[in-house]
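User: I'm new to this one and would like to walk through it with you. Could you put it up for us, please?
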Amino acid sequence: MARSLSPRRKMMMTLSAWTVALIIFFPVLWMILTSFKTEVSAVASPPQLFTADWTLDNYAEVWARSDYPRFFWNSVVISVGSTLLGLAIAIPAAWAMAFVPGKRTKDLLMWMLSTKMMPAVAVMIPIYLIFLRTGLIDTRIGLVIALMLMNLPIIIWMLYTYFKEIPAEILEASRMDGASLWGEIVYVLTPMALPGIASTCLLNIILAWNEAFWTIVLTTTKAAPLSAFIASFSAPQGLFYAKLSAASAMAIMPILILGWFSQKQLVRGLTFGAVK
Amino acid sequence: MTLTLRALLGATVSLTLAGAAMAETTITVATVNNGDMVRMQGLMDDFYAKHPDIKVEWVTLEENVLRQNVTTDIATGGGQYDVITIGTYEVPIWAKQGWLESLNDLPADYDIDDLLPAIRGGLTVDGNLYASPFYGESSFVNYRKDLAEKAGVTIPDAPTWDDIKAAAAAMTDTDAGIYGICLRGKAGWGENMAFLTTMANSYGARWFDENWVPQFDQPEWKAVMTDYVELLTKYGPPGASNNGYNENLTLSLQGKCAMRMDATVSAGSLTDPAQSEFADQVGFALAPDAGLGKRANWLWAWSLAIPASSDAKEASKAFVNWATNKDYIALVASKEGWRNAPPGTRTSLYSNAEYAALPFAKMTIDSINAADPTNPATKPVPYVGVQFVAIPEFAGLATSVGEIFSAALAGQKSVDDALAEAQALAVDEMTTSGYIK
C-alpha cells in the first residue's frame with residue numbers, strides 16, 4: 001500500500017527533486033546558453049548566465065569549419081555497432097552464468113568487472129600497437145571492437161542480473177516442450193528479458209557515444225567520432241569557449257534526445273529486479 | 001582494328017596516364033586549435049591553387065591531447081601524421097631520438113637565413129633544422145598607461161623587478177576591481193612554471209647545477225618564491241593560484257589587470273578594439289631583470305615538423321614550406337591585416353615598415369632577441385631551454401613542482417616548505433632517472 005504524504009511534505013519532496021535535477025542539469029544548461037553568446041560574453045567576469053548579444057554565429061562557424069555529418073555518422077556506426085556486437089556475445093554469456101553457473105562463475109564476473117577498474121592510459125601503448133599492426137587504427141570496425149570490449153563487462157553484468165530474475169522453470173518447460181538451446185534463448189529468454197536488454201542497449205549506446213579516450217587515441221581523420229569533433233574545438237590558450245560550447249551542444253544533442261524519449265524504458269530497465 | 005576501337009583504346013591509355021600524373025597525395029596535419037592555426041585552415045585555397053595534387057586532412061586537438069596522440073604515434077612509428085605541430089620543448093628531444101625529418105632541403109624560396117636566429121637556434125639540433133616555426137613568441141610586460149599615469153608611476157621600457165613591484169603597489173585599487181599585477185599561478189610546466197623559470201633566470205637561480213643537482217634549496221630560489229608570492233598576494237587578483245594564460249588575458253582585456261607579464265603573442269588581442277575596451281591604453285615593456293644580466297622572458301615557437309615515419313615526405317615539405325614561408329605571412333597580411341600576421345619567426349617581418357608601426361612589434365622582437373636558449377641562466381647549466389629544461393623528464397617533474405608552488409601561492413604551505421618539498425621531489429626524480437650518479 002502506498003504511503004500517503006501530507007501536501008506540505010509532498011511539496012517539499014517535489015521542490016527537492018527539482019533542485020537536485022536543476023543542479024545536475026545546470027552545466028548542460030550553461031553550455032547551451034554559452035553556445036549562443038559571443039566569445040567576449042562567454043568569458044565575461046563575473047560570469048553572466050544571460051547576455052544581451054545572443055548569436056547563432058558559433059553554430060555557423062562550427063558547421064563551416066568541420067565535417068559534422070561525417071563525425072556524426074561515425075558516432076552512430078561505432079555506438080550502435082559496438083552495442084549490437086556486445087549483445088551478440090553477452091546474451092549467451094549471461095545465459096550461461098545465470099542458468100548453468102559453474103563453481104567459479106562469481107569469480108569470473110568479478111574478474112570481468114575488475115578490468116573496468118584499470119586506468120585506460122595504462123594499456124594505451126599496447127592497444128595502440130596492436131591496432132597499428134592489425135590495420136585497425138583509424139577504422140570504424142576497430143573502434144567497434146575496442147568499445148565493445150570496453151563495455152562488455154557492464155553488458156554481461158546487467159544482463160546477468162535481469163536473467164537471474166527470470167524463473168528457470170520457464171526455460172525448463174520450454175526445453176521439455178522440445179525447444180533447442182537456440183530456440184530457448186531466442187524465443188523464450190530474450191522476449192522475457194526485453195526491457196532489460198533494451199535498457200542495456202540504451203546505456204551501452206550512451207557509454208559508447210560519450211567515450212572520449214580511445215575514440216581520440218585510436219583515430220585521426222577517417223573514423224573520428226563526435227568526441228574528436230569536440231576536442232578539435234578545445235583550446236586552453238584561446239578565447240573559443242562559445243564555439244566549444246556550440247560544438248559540444250551539437251555533439252550531445254542526438255544522444256540527449258534519444259535519452260529523453262527513451263527515459264521510461266531506461267528507468268524501467270535499470271530498476272528491473274530492484275524490488276522483489 | 002576499327003578506327004573507333006583505336007580511338008577508344010587511345011583515350012583509355014591517355015586517361016590512365018593523366019590519372020597517374022595527377023595522382024593525389026593526401027597528407028594528415030595534426031595541429032592545435034588557436035587563432036593562427038584556424039586562420040591558416042581558412043587560407044587553404046591558396047595552397048590548393050599552388051599544389052592541386054596534394055590534399056590536406058586536418059586533425060585539430062587540444063594542446064595536451066595533441067601532445068599525447070602525436071607522441072604515441074611517433075614513438076611507435078605509426079605514421080598516422082605527416083605534419084605535426086610541436087613546441088620548442090619537444091624539438092630537441094624528438095630530433096635526438098631520430099623521430100623527425102630534417103628540413104635542411106626545403107626550397108631556396110623558403111629562405112632559411114631569414115628565420116630569427118633565437119627561434120632557429122631552438123629548432124636546430126647538430127646543425128640540422130628539424131621544425132619550421134609557424135609563429136614564435138617571447139614574454140613581456142603589458143600595462144594600462146592610463147592607470148600608470150593616474151598612479152603617477154612610469155614603467156621604463158626595460159624595467160627592473162623593483163620598478164615592477166613599485167608600479168604594482170601604486171596601481172592596485174582593489175575597491176575598483178583593479179589588480180596591480182597578474183601573473184600565472186595555475187599549476188603546470190607550461191603555466192606557472194614557465195613564468196617562474198624565467199623569473200628564476202633573472203634572479204640568478206637555475207633548475208640544476210652542472211651535475212644535474214636540483215637547486216631549489218639555494219637562496220636565489222627563496223628570493224624568487226618570496227617575491228612571487230608577495231606580489232600576487234598583495235597586488236594580484238583573488239584566486240591567483242587558479243589563473244593561467246587564458247584567465248589573465250581575459251582579466252587584461254577587461255582592464256582589470258593594471259599590469260601583466262605573459263606571452264607576446266597576446267599583444268594582437270590586447271590592442272584590438274574589438275576585443276578590448278582599453279586597446280588604445282596598452283603599453284608594453286621588456287620583461288624585468290634584477291641587474292644580473294638576464295631578463296625574465298621566455299622563448300617559444302609553435303612549429304611544423306615532419307615525422308620520420310611519414311610516407312608522404314615530399315608533399316609534407318611542400319605544405320611546411322607554404323605555411324611557414326614569407327609569402328604566407330604576406331598572404332595573411334593582405335587578407336586580414338598586418339596585426340594578424342604570424343609573429344616572431346622571420347627577420348623580414350620586423351623590417352617591414354607597416355608591421356614595425358604596430359605598437360607591440362619592436363618590443364616583441366627585442367624580447368625574442370633577449371632570450372638565449374643555450375645560455376638561459378646567469379650561472380652555468382647543463383641544459384638547453386629558457387622556460388623549460390629540454391629533457392624528457394621535465395614536463396612531469398615541472399608539473400609536480402608547479403603544483404607545490406601553486407599550493408604555496410594559495411597559502412596552503414609556506415615558501416620554505418614548498419621549496420624543501422620541490423627539492424626532495426626533484427632530487428628523487430633526477431636520481432631515479434640516472435642524471436645524479
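User: Let's begin with chain A: how many helices and strands does the secondary structure of chain A come to?
Analyst: Please keep in mind that this is a predicted model. In chain A the secondary structure comes to 14 helices and zero strands, and from the N terminus on the elements accordingly read α-α-α-α-α-α-α-α-α-α-α-α-α-α.

User: What does the C-alpha trace of chain A span along its principal axes?
Analyst: The trace of chain A covers about 70 × 65 × 30 Å along those axes. Chain A has 276 residues, of which 35% count as buried, and when contacts between residues at least 6 apart in sequence are considered, 79% of them join residues at least 24 apart.

User: Pick a helix pair in chain A for me. At what angle do the axes of α5 and α7 of chain A cross?
Analyst: Two packed helices are described by the angle between their axes and by the distance between those axes. For helix α5 (residues 105–114) of chain A and helix α7 (residues 140–165) of chain A, the axes cross at roughly 140 degrees and come within 9 Å, and the crossing of α5(A) past α7(A) is left-handed.

User: Which residues meet there?
Analyst: From α5(A) the residues are A:Leu109, A:Met112 and A:Leu113, and they meet A:Pro153, A:Ile156, A:Trp157 and A:Tyr160 of α7(A). Sorted by class, this contact has seven nonpolar residues, with no polar and no charged ones.

User: I also wondered about A:Asp138. Where is it found, and is it buried or exposed?
Analyst: A:Asp138 sits in the loop between α6 (124–133) and α7 of chain A. A:Asp138 is buried, because 20 other C-beta atoms lie within 10 Å, and 20 or more is what the term requires. Its phi is near 55 degrees, which is a positive value in a residue other than glycine.

User: Which residue of chain B also has a positive phi without being glycine?
Analyst: B:Asp111 has a phi near 55 degrees, again a positive value in a residue other than glycine, and B:Asp111 is found in the loop between α5 and α6 of chain B. B:Asp111 counts as partly exposed, because 15 other C-beta atoms lie within 10 Å, a count that falls between the 12 or fewer of an exposed residue and the 20 or more of a buried one.

User: Switching to chain B as a whole, what does its secondary structure come to?
Analyst: Chain B comes to 19 helices and nine strands. Its radius of gyration is 24 Å, close to the 22 Å that the globule rule gives for 437 residues, so chain B is as compact as a globular protein of that length. The C-alpha trace of chain B spans about 95 × 55 × 35 Å along its principal axes, and buried residues make up 50% of the 437 residues.

User: How is chain B divided into domains?
Analyst: The domain assignment gives domain 1 (3–137 + 299–356) and domain 2 (139–298 + 368–432) in chain B. Taken over C-alpha atoms, the centres of domain 1 and domain 2 of chain B are separated by 32 Å, and 17 residues of domain 1 of chain B are in contact with 17 residues of domain 2 of chain B.

User: Which element gives the most to the domain 1 side of that contact?
Analyst: On the side of domain 1 of chain B that touches domain 2 of chain B, α6(B) gives the most, with four residues. The residues of that side divide into ten nonpolar, five polar and two charged.

User: And B:Met363, which helix is it found in, and what is it in contact with?
Analyst: B:Met363 belongs to helix α17 (residues 361–370) of chain B, and, leaving aside neighbours within four places in sequence, B:Met363 is in contact with B:Phe140, B:Phe284 and B:Leu286. B:Met363 is buried, with 22 other C-beta atoms within 10 Å.

User: Last topic: how many residues of chain B are in contact with chain A?
Analyst: There are 23 residues of chain B in contact with 23 residues of chain A. The elements that give two or more residues to the chain B side are β2 (54–61), α4 (63–75) and α11 (245–253) of chain B. By class, that side of chain B has six nonpolar, 14 polar and three charged residues.

How values were computed
Residues are numbered from 1 along each chain as its sequence is written. Chains are lettered from A and ligands numbered from 1 in the order in which they are written. This is a predicted model: local features need pLDDT of at least 70, side-chain atom pairs count only at pLDDT 80 or more; totals for chains, interfaces and linings use all residues. The radius of gyration is taken over C-alpha atoms; the globule rule is 2.2 Å times the number of residues to the power 0.38. Two residues are in contact if their C-beta atoms, placed from the backbone, lie within 7 Å. Ala, Val, Leu, Ile, Met, Phe, Trp, Tyr, Cys and Pro count as nonpolar, Asp, Glu, Lys and Arg as charged, and the others, Gly among them, as polar. Axes are lines fitted to C-alpha atoms, for helices over the stretch in contact, and angles run from 0 to 180 degrees between N-to-C directions. A crossing is left-handed if the near helix is turned anticlockwise from the far one by less than a right angle, and right-handed if clockwise. Domain bounds come from an automatic or database domain assignment.
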